[in-house]
Amino acid sequence: MMKMKKKLIMLLAVLACMSASAQVKFGAKVGLDLTNFWGKHAGHKMALNYQAGLMMEYQFSNLFAVAPEVVFASQGNGERSLYEEGWVGEEPSSKTMISFQTNYINVPVMLKYYATPAFSIDFGPQVGFNVYSKYTIKGPDNKYVTNNKKYTKAVDFGLGLGATYNLTDNAFVQARYTLGLTNVFKDDFNESKNGNIQLSIGYRF
């Protein structure tokens with residue numbers, strides 16, 4: 001019985017030490033994104049977009065942490081002419097431009113390796129949930145915007161790689177590239193995947 005109590009006390013002591021060494025912080029981040037599509041049929045022109053959301057960081061050692069996020073992100077590609085797009089049935093004109101935009105709730109889960117106490121390399125998977133999609137056609141005299149959600153997939157998977165620099169114990173700056181792994185559109189003949197360069201600032205509470 002005494003041995004059992006000693007083992008239990010030792011286990012509680014180990015758990016207490018682990019809890020003391022671990023740090024959990026919550027925060028918010030906002031930033032600008034350069035987004036495009038990549039793939040066989042993609043239009044590669046970049047578009048300036050944005051992202052904003054909440055994050056948590058659980059640092060379970062001096063070197064490693066895990067940081068899940070919930071981020072609203074506007075993604076898509078920049079304008080290009082219908083002539084470049086090669087649409088059938090449209091009058092080809094370099095002055096008639098088309099662009100796609102899809103808004104996601106992205107949930108990345110990043111594993112962070114702290115190379116120094118202030119600098120980490122971040123890598124991890126991301127799942128995105130399509131909230132709204134549209135495409136815009138702009139001509140010399142008019143503009144046409146339509147809901148495109150029924151033609152785009154509801155879920156998007158990707159991988160993120162980047163870095164975080166802690167300016168203070170709470171404030172940080174972050175850079176990341178997220179590579180989409182699934183086609184954006186339901187049409188299997190349109191191989192277009194998301195690409196996203198993110199530059200953001202954030203604050204942990």
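Predicted model: local features only at pLDDT ≥ 70, side-chain atom pairs only at ≥ 80, totals over all residues.
Residues are numbered from 1 along each chain as its sequence is written, and side-chain values use heavy atoms, with hydrogens and water left out. Local features need pLDDT of at least 70, side-chain atom pairs count only at pLDDT 80 or more, and totals for chains, interfaces and linings use all residues.

**Exercise 1. Classify the ring pairs Phe100–Tyr135 and Phe100–Phe185.**

Step 1. Rings of Phe, Tyr and Trp (its six-membered ring) pair if their centres lie within 6.5 Å; planes under 30 degrees apart count as stacked, over 60 as edge-to-face and the rest as tilted. A search of the whole structure finds 8 aromatic pairs.

Step 2. The ring centres of Phe100 and Tyr135 are 5.9 Å apart and the planes stand at 50°, so this pair is tilted. It joins distant parts of the chain, 35 residues apart: Phe100 belongs to strand 4 (residues 97–116) and Tyr135 to strand 5 (residues 119–138). Strands are DSSP runs of E with at least two residues, numbered from the N terminus.

Step 3. For Phe100 and Phe185 the centres are 5.2 Å apart and the planes are at 70°, so this pair is edge-to-face. Phe185 lies in the loop between strand 8 (171–180) and strand 9 (193–204), 85 residues from Phe100.

Step 4. Phe37, Phe100, Tyr135 and Phe185 form one aromatic cluster.

**Exercise 2. Describe how strand 5 pairs with strand 4, strand 7 and strand 6.**

Step 1. Two strands pair if DSSP finds at least two bridges between them.

Step 2. Strand 4 and strand 5 are antiparallel over 17 bridges and form a hairpin with 2 residues between them. Tyr104 has Asn130 in strand 5 as its bridge partner.

Step 3. Strand 5 also pairs in the antiparallel sense with strand 7 (residues 155–166), over 11 bridges. Here Phe123 stands opposite Leu161.

Step 4. With strand 6 (residues 143–147), strand 5 pairs in the antiparallel sense over 5 bridges. Thr136 has Val145 in strand 6 as its bridge partner.

Technical notes:
Helix = DSSP H or I, 4+ residues; strand = E, 2+ residues; numbered from the N terminus.
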